[in-house]
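Visitor: Could you walk me through this structure? I would like to begin with the ligand and then move to the fold.

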Amino acid sequence: MTPERYEKIRRVLSRRQPTLSVLMDEVHKPHNFSAILRTCDAVGVLTAHAVPPGGGALPTFDATSGSAHKWVEVRRHPDAMSATRELQAGGVQVLATHLSQRSLDYREPDYTRPTCLLLGAEKWGVSDEAATLADANIVIPMFGMVQSLNVSVAAATILFEAQRQRLAAGMYDAPQLAPDELGRLAFEWAYP
Ligand code: SAM
């Protein structure tokens, strides 16, 4: 471990956003799962949440992740409803990405608040139950012939809006992690 590498690890951790996350509900294609993690790393997500497809294993990481899975912890949950309730109990607003005319434009919410984006499975999207339980439903307006975006593209679009708002609010200027937590993670990342 060179001093430069350790410095980079500390710099990245000092910009991590522990109050921004995603909940992937049965996203089953490895390239989508991996692309979402890569975007999470880029915007500073510390922990991503995932409900494995069919209760089995998480989709295997492929080259698409660009090693992001090493830098973004993935927490497994048995189902989207219990995960949503747990996050909400911790003061996190859960925003369901839902293709509905009643959904808010994705630029409307305040992403400087503790926020988790609920992302749906490629085929059937977010369930109606989970969309109802969420604090709000959001949509990226679509004006083309195709009804929806690829889930990793939708995740990136919304996460970078969150990044834009958080940059404007100065949330990348000072560490959001407590000093001892930052130090512990720096050691773990440096000596896995
Ligand atoms: N037939 C599914 C439906 O009606 O929800 C389409 C699912 S879409 C391919 C997979 C996921 O990508 C969605 O659950 C959502 O998380 C995200 N997504 C795709 N297009 C979106 C959009 N325009 N706005 C918000 N989220 C979108």
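**Ligand shell and fold**

Visitor: Which residues come nearest to the ligand?
Guide: In this predicted model, 15 residues lie around the ligand, and T97, G120, G125, V151 and A154 come nearest.

Visitor: Let us turn to the fold. How many helices and strands does the chain have?
Guide: The chain has six helices and seven strands. Along the sequence they follow the pattern α-β-α-β-β-α-β-β-β-α-β-α-α. The radius of gyration is 16 Å, close to the 16 Å that the globule rule gives for 192 residues, so the chain is as compact as a globular protein of that length.

Visitor: What box do the C-alpha atoms fill?
Guide: Taken along the principal axes, the box is roughly 50 × 35 × 35 Å.

Visitor: What is the order of the strands in the sheet?
Guide: The seven strands form an open sheet in the order β3-β2-β1-β6-β4-β7-β5, and the pairing is parallel.

Visitor: Which strands stand at the edges?
Guide: Those are β3 (73–76) and β5 (104–105). Each has a single partner strand, so one side of each is left without a neighbour in the sheet.

Visitor: Take β4 and β6, then. Over how many bridges do they pair?
Guide: Strand β4, residues 93–97, pairs with strand β6, residues 115–119, over four bridges in the parallel sense.

Visitor: Which strands does α5 lie across?
Guide: Helix α5 lies across β1 (20–25), β4 and β6, and runs at about 165° to β6.

Visitor: At what angle do α2 and α5 pack?
Guide: Helix α2 (residues 30–43) and helix α5 (residues 151–168) pack at about 10°, with their axes 9 Å apart. Angles under 35 degrees count as roughly parallel, and α2 and α5 are therefore roughly parallel to each other.

Visitor: Which residues make that contact?
Guide: From α2 the contact is made by N32, A35, I36, T39 and V43. From α5 it is made by V151, S152, A155, A156, L159, F160, A162 and Q163.

Visitor: How do the residues of the contact divide?
Guide: Nine residues in the contact of α2 with α5 are nonpolar, four are polar and none is charged. V151 of α5, which belongs to this contact, is also among the residues that come nearest to the ligand.

Key
Residues are numbered from 1 along each chain as its sequence is written. This is a predicted model: local features need pLDDT of at least 70, side-chain atom pairs count only at pLDDT 80 or more; totals for chains, interfaces and linings use all residues. Axes are lines fitted to C-alpha atoms, for helices over the stretch in contact, and angles run from 0 to 180 degrees between N-to-C directions. Helices (H or I, at least four residues) and strands (E, at least two) are DSSP runs, numbered from the N terminus. Angles under 35 degrees count as roughly parallel, over 145 as roughly antiparallel, 65 to 115 as roughly perpendicular and the rest as oblique. Two residues are in contact if their C-beta atoms, placed from the backbone, lie within 7 Å. Ala, Val, Leu, Ile, Met, Phe, Trp, Tyr, Cys and Pro count as nonpolar, Asp, Glu, Lys and Arg as charged, and the others, Gly among them, as polar. A residue is near a molecule or strand if its C-beta atom, placed from the backbone, lies within 6 Å of it. Two strands pair if DSSP finds at least two bridges between them. The radius of gyration is taken over C-alpha atoms; the globule rule is 2.2 Å times the number of residues to the power 0.38.
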